[in-house]
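Please look over the two-chain model shown here. The report below covers its confidence, its domains and its contacts.

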Amino acid sequence: MANLGRREVSPTRRRFEWAWAERVLGRAARPLLWVVLALVSVVPTLSFLSLAISPRLFSQGTSWFTFAPFRQAFSGMEMTGIRNSLTFASLAGVIATLVAAGLALAVQRTDVWIARLIPGALWTLLLVPTYIAAVGWEEVLSPSGVLARMGLVTPALSNALLGPVGIVFVLAMSGVPFAYFALAPALYAMGRRYEDAARIHGAGVWRTVRTVAPIILPAITSAVIIVFAEALGDFGVASTIAANDNIPVATTNIMAAIATFPTNFPQAAAVSWFLVATIGTVLALQSRVVRGRHTAVLSGRSRFVGKSHPHGVRRVLLISAIVAFFLLTIGIPALGSVFSTLLPPGSGLHLSHLTLSAYSALLHQGLSGPLFVSLRMSVINATVTVVLATAVAKVITSRRPGVFGRLSDVVLIASVALPGLVVAAGFLFIFNLPVFSRLGINLYGTMTLLGMGYLAIALPSNSRVLVGPVAQLDGSLVEAGRLHGASGPAAFRRCVLPLLARPLLWAWLLAFAATFSELPTSEMLAPIGVRTMATAVLTSFQNANLAAATALSVVQMLVVLAVIGVAQLAFRLLAPPGWRHLGGRDLR
Amino acid sequence: MISALIGGVVLSGVVPVGAALASSTPVASRAASTPLYLLSSEGYDSAMCTAFQKATGITCKLSDNSTGPTLALIQATKGNPQWGVAWTDGSAPYAALDTEGLLLKHFEPTTGTLTPLGKTLVPADKSYIPTGLTVSGAFMYNTTVVKNPPRTWAALLSPQWRGQVEMNNPAVDGPTYPMLAGLFQSLGGVAQGEKFMMKLKANGLKVSSNNAFPDLQAGKVKIVLGQNTDGIGAFDQGQHIGVVYPSPSPELPSTLAIDGKASSAEIAVAKKFADFVYSPAGQAVMRTGDPTGDSNFFPIIKGTAPRPHVPSPTMVPFESYNPYTWGALEPSINTWFSSHIA
């Protein structure tokens, strides 16, 4: 009687059913992934880009086919913006890669204790939006900023640093984590055998670099390209340092075309075409440079690289350089942001002038609603993003990526270069078509569409960040698990997950932070009546309460830092010991 | 004390007015279940939404963005509009939306009477509704360093102000364009206006692609040309900021419009909202909802007094312009400004 309503299933039959389900899932996984990528990335982006040649398609003009938006986008100030964007992004890409290489070498090749903190600190840097970094720098360096009030910065120096130099600096420093995570695994896998061989044959430092660097050329070019793409599509620095110094860049031109009346979506689409075409060209060049070179010198085997022990001045210089890097990229901007919230505008730098009024003003804004909405959406989006990003990274790094893998790579890098506003507007155009309403699909104005928008923003960067850790996994791990009798999921859980646990946790936090502070998507796609943390910050800015707005940004960052702390603590206390001690501990 | 008394009296009228609005039409019961979708960039919109909901029982769903993204949303969804009421500064955008046939015409709230100044802001086809007035081209200055501020546009060309004047780029900041429109019109046309701006540039005019007002607060410049409510709000917060209304002072009305393609139930709800805004209760919310910003408008409804630091409208040499004519010129003037002045 106890078995009433239940069927006894033999173990053989269960194994068969499981194998069948696995086969179906295995075959459907890639098409499913393609459908998801199409829905959240390709279709909305193409919809927006199509406006440049066919404005009438989405009721944005009278022409079904025209090139006029391109003429507007590639003339006058718009052309200057495009030139500036190319220059800044190229410089940022090269500088970030050089700094990242230096940091990776410090981590992998020296026994300096502070170097062990670098990977964790880089993750923290990754979580700081460029907007916050730029505002922090402005607060510190502007003629009325903290350093000027202390008499440490002259107006001339301030003007010099808050111009093109400052733009490239913030973009490059914000790009260092991306370059590091692209470069470090390859550097580690290469070991120092080629270096040693070159030195034994009498090569100097420069000659050794020239000999060894081509071996990891794919990783170097990947590092430069991802920072280039991030810098090209950046809006944080563009809307602060660049805007305040009247330096046009492509993203501010897009914003100007969209966010001022009369709205010119076709022109914004034409500038977006430039961003996509630029990334396409750069990827093609990378493929051409890498093709034909024998770079398959790296294998999945672990190598134990001996660590050097710098002495005396070299050790001091190395430690100072590492400390200076994190002070400049995290410390000073954070200090600047916090100070700007504690000092009323125009007041001198004195303890008696410090006030918490900006923070107390926040209490009257009723922030529990936006906080809850943003927390909920960030947790959901981070979880979905990490699952999909792992799958995408696996496809991209597989030995036979196929057309889908290569296409995914191009689509994701192109998405990185497009500002969030463009992608969000694309969602608006495609999912608000009357035909969808007629079909009973009413996504516009729903939290689902907002979630899809957030996914589109977080997925590209997350996939790129996970490419390194996933690429380091040996494909035979799951097979070994299966040979020992584990099912597919069990083999993944017991053989692969422990190696990926920490990178996945950081990737989750990265997606969480990106979602929590995402403004353009929230502005365009949040259902009417729903406020997020980012739109609450905007409201404070609109009400000309700059101190309260910055205070809200600081609170926003504190929430993110608190979530990081709780997640790390939970990982330390709750994760199985294998997860904590196996590969990817420092993501090298 | 007096203003508090007035506020109390006005607020006590909220419930009766709301009740009257809620039961004024046969569609009331149907409308009560239809929410109001409000896209707004006004500082008092949140307070207004809450007050309206409390007074009428109609759910008010607010999207509180800056003017640019609000209008961008309307433009992006014009094939399948998804809003009920839009409420932002400026009338030129609404003139353009009216030309495209997107707005409800021939509706005027009946709960308040416009002043003669207010009547000049109403379009012939009544496709949008003015709710208040501000000045786009006020001179705001730091009272601690400027004792004798300029009072005319020509005075800005004096060597005394070389490199000390800043304004926003109209190609980035929508509410700045009305300043150019009003100024250019008063000077005789676009060519004359552009000539004047070139002279201003030669005298060291600075242009911000972000927000010029914080530069005044930080002491980077002595004068900022912009919306007067910024200056009054800063003064109210105890900052040393003064406001001069030059001759001419280009108008910048706050404007409300109703989606012409909405369903009849949504239009009924939107009309109730417009009526509420014009009612004494709504006017009280406009006056108090954003005391350091947009609440410092010049009232255009009879019986509504301006806030304490807002001068009487009769003291201000307003410059009005035709939003249909000047709105059409906005792209070309903004492009010219970006390439020649910014």
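The sections that follow go from model basis to chain A, then to chain B and the interface.

## Basis of the model

This is a predicted model: local features need pLDDT of at least 70, side-chain atom pairs count only at pLDDT 80 or more, and totals for chains, interfaces and linings use all residues. Residues are numbered from 1 along each chain as its sequence is written, while chains are lettered from A and ligands numbered from 1 in the order in which they are written.

## Confidence in chain A

The mean pLDDT of chain A is 79; pLDDT is the predictor's confidence in each residue, from 0 to 100. A score of at least 70 is reached by 83% of the residues. Among the elements of chain A, α3(A) has the highest mean, 91. The lowest, 67, belongs to helix α16 (residues 357-363) of chain A.

Residues 1-6 of chain A stay under 50 and have 0 contacts beyond four places in sequence. Residues 583-588 of chain A are also below 50, yet this stretch has 18 contacts beyond near neighbours in sequence. Where pLDDT is low, the predicted coordinates should not be read in detail.

## Chain A: make-up and domains

Chain A has 27 helices and 0 strands. Both are DSSP runs numbered from the N terminus: helices are H or I with at least four residues, strands E with at least two. Of its 588 residues, 47% count as buried, that is, with 20 or more other C-beta atoms within 10 Å of their own, C-beta atoms being placed from the backbone. Residues 24 or more positions apart account for 79% of the chain A contacts with a separation of 6 or more. A contact means C-beta atoms, placed from the backbone, within 7 Å.

Chain A is assigned domain 1 (83-291 + 306-346) and domain 2 (356-588). Such bounds come from an automatic or database domain assignment. In chain A, 38 residues of domain 1 touch 32 residues of domain 2. On the domain 1 side, α14(A) gives the largest share, 8 residues. That side holds 29 nonpolar, 8 polar and 1 charged residues. Here Ala, Val, Leu, Ile, Met, Phe, Trp, Tyr, Cys and Pro are nonpolar, Asp, Glu, Lys and Arg are charged, and the others, Gly among them, are polar.

## A helix pair in chain A

α13(A) and α19(A) pack at about 40 degrees, with axes 10 Å apart. Axes are lines fitted to C-alpha atoms, for helices over the stretch in contact, and angles run from 0 to 180 degrees between N-to-C directions. The two helices are therefore oblique to each other; angles under 35 degrees count as roughly parallel, over 145 as roughly antiparallel, 65 to 115 as roughly perpendicular and the rest as oblique.

α13(A) contributes Ile254(A), Met255(A) and Ile258(A). α19(A) contributes Leu421(A), Val422(A) and Ala425(A). The contact has 6 nonpolar residues, no polar and no charged.

## Chain B domains

Chain B divides into domain 1 (2-133 + 253-311) and domain 2 (138-250 + 318-340). Their C-alpha centres lie 28 Å apart. Domain 1 of chain B puts 17 residues into the contact, and domain 2 of chain B puts in 15. The domain 1 side has 6 nonpolar, 9 polar and 2 charged residues.

## Interface of chains A and B

How many residues of chain A are in contact with chain B? There are 40, and they meet 46 residues of chain B. Helices supplying at least two residues each on the chain A side include α3, α13 and α19. The chain A side comprises 22 nonpolar, 17 polar and 1 charged.

Note on methods: Two residues are in contact if their C-beta atoms, placed from the backbone, lie within 7 Å. A residue is buried if 20 or more other C-beta atoms lie within 10 Å of its own, exposed if 12 or fewer, and partly exposed in between; C-beta atoms are placed from the backbone.
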